[in-house]
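The stops below can be selected one after another.

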Amino acid sequence: WVAKSLDFNKDYDASVFETTIRVVGGLLSAYDLSGDRVFLEKARDIADRLLPAWDTTTGIPYNVINLAHRNPHNPGWAGGQSILADSGTEQLEFIALSQRTGDPKYQEKVEKVIVTLNKTFPADGLLPIYINPDSGTGASSTITFGAMGDSFYEYLLKAWIQGNKTSSLKLYRDMWETSMKGLQSLIRRSTPSSFAYICEKNGDSLTDKMDELACFAPGMLALGSSGYGPDEAKKILSLAEELAWTCYNFYQSTPTKLAGENYFFHPGQDMSVGTSWNILRPETVESLFYLWRLTGNKTYQEWGWNIFQAFEKNSRIESGYVGLKDVNTGIKDNMMQSFFLAETLKYLYLLFSPPTVIPLNEWVFNTEAHPLRIVNRDDANFAASKGQQKPVIKIRSRKTGRLGGVDRRVGVRFPPGEHAA
């Protein structure tokens, strides 16, 4: 079907961010897992349709583009601004596409964004959710690790991991560590139970509110902790564990044992549901997966199993799974988001799989949970070149590791003559 029927030439205004993480990322992951070049060719087709979005004075992309006419713009509700997460969450996919095709143009586009943002990167590493695509500077707006901010910080870390943590990626790691200092400045603890949570910030004022979307942060912190020295690594991992406990209690604190969309913290009252719907989001189980992989603590499997059982009880219907309009009453909606399959169920599956299934020293997950192969980066430091020097694309030698046509690490069967990417 992908080879014969998948056609991207549609008169359709697509989100550059969502299309990148779901479609480009999904196709590249299918290619890395199968070795079938049809997936790579289709990834290149859709990426070429997205590329004009980066044709701005600063290189910070517009966030919407028509796939047939290729004319980009920003959504009207954003007031002409680009969104931080939407502009800083294409690096993994486009770098991978350059690596696998040998064409540097995709990597150059997305790395210019990071170079531009680094020019005015604040001392605390925290950027507002709206960025001016003409000036490259932040507009006065909320700072959050939840909606519209979240995955920018995630990709600073994961781009470093994707390149096998080589010196070429030092800028990404440095920016991420700066942002993690900023994250720590937003940590507060509730009373009476001392749940750690991440505040939102606007100007000089903090809001005691945390999105379930921000529950990716414990997994991100755990994943990045090993890049620090021993003392700091222990501190970061401890914070990750504290935040994961909070996120698990987002679920445990409601009658359905499913989390609301966001939570507020009030003195003496711990947490209370703000927006009360649940749309099958994956962030908490994502963090439980990373913490289980990195600590071996089976408590995280127990928490994940409890969350899975709550989905089974409240969301499962004959034709699939649906979200809840209200986690307090259990009233269902009528939609299954695609990320429930791509992320929520995948991370739950991996939470109960051996660590040799998609091992974290060989794969990095994009923000839609599509695994991409880790490939050594040894091109010139793109920060020093300010995006002017073309990167050298080199692919690490491939490991087949097959037995009778099956890759024993990932359990994927290949067509005759193909091997693991």
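Which residues does Gln-81 touch, not counting residues up to four places away in sequence? Select Gln-81 and its contacts (heavy atoms within 4.5 Å): Asn-74, Tyr-130, Ile-131, Asn-132, Pro-133 and Ala-139. Gln-81 sits in the loop between strand 3 (72–73) and strand 4 (82–83); strands (E, at least two residues) and helices (H or I, at least four) are DSSP runs numbered from the N terminus. With a relative accessible area of 17%, Gln-81 is buried (under 20%; exposed is over 50% and partly exposed in between, with a 1.4 Å probe and protein chains only).

This is a predicted model, in which local features need pLDDT of at least 70, side-chain atom pairs count only at pLDDT 80 or more, and totals for chains, interfaces and linings use all residues. Residues are numbered from 1 along each chain as its sequence is written, and side-chain values use heavy atoms, leaving out hydrogens and water.

Next, colour by pLDDT, the predictor's confidence in each residue from 0 to 100. The protein's mean is 91, and 90% of its residues reach 70 or more. Residues 385–421 have pLDDT below 50, and this stretch has 79 contacts in the model beyond near neighbours in sequence.

Now select helix 10, residues 283–295. Of its 13 residues, 11 are buried, including Phe-289, Tyr-290 and Trp-292. Show what covers those buried residues: among them are helix 6 (150–162), helix 9 (230–252) and strand 15 (363–365).

Terms used: Expected span 1.5 Å × (residues − 1).
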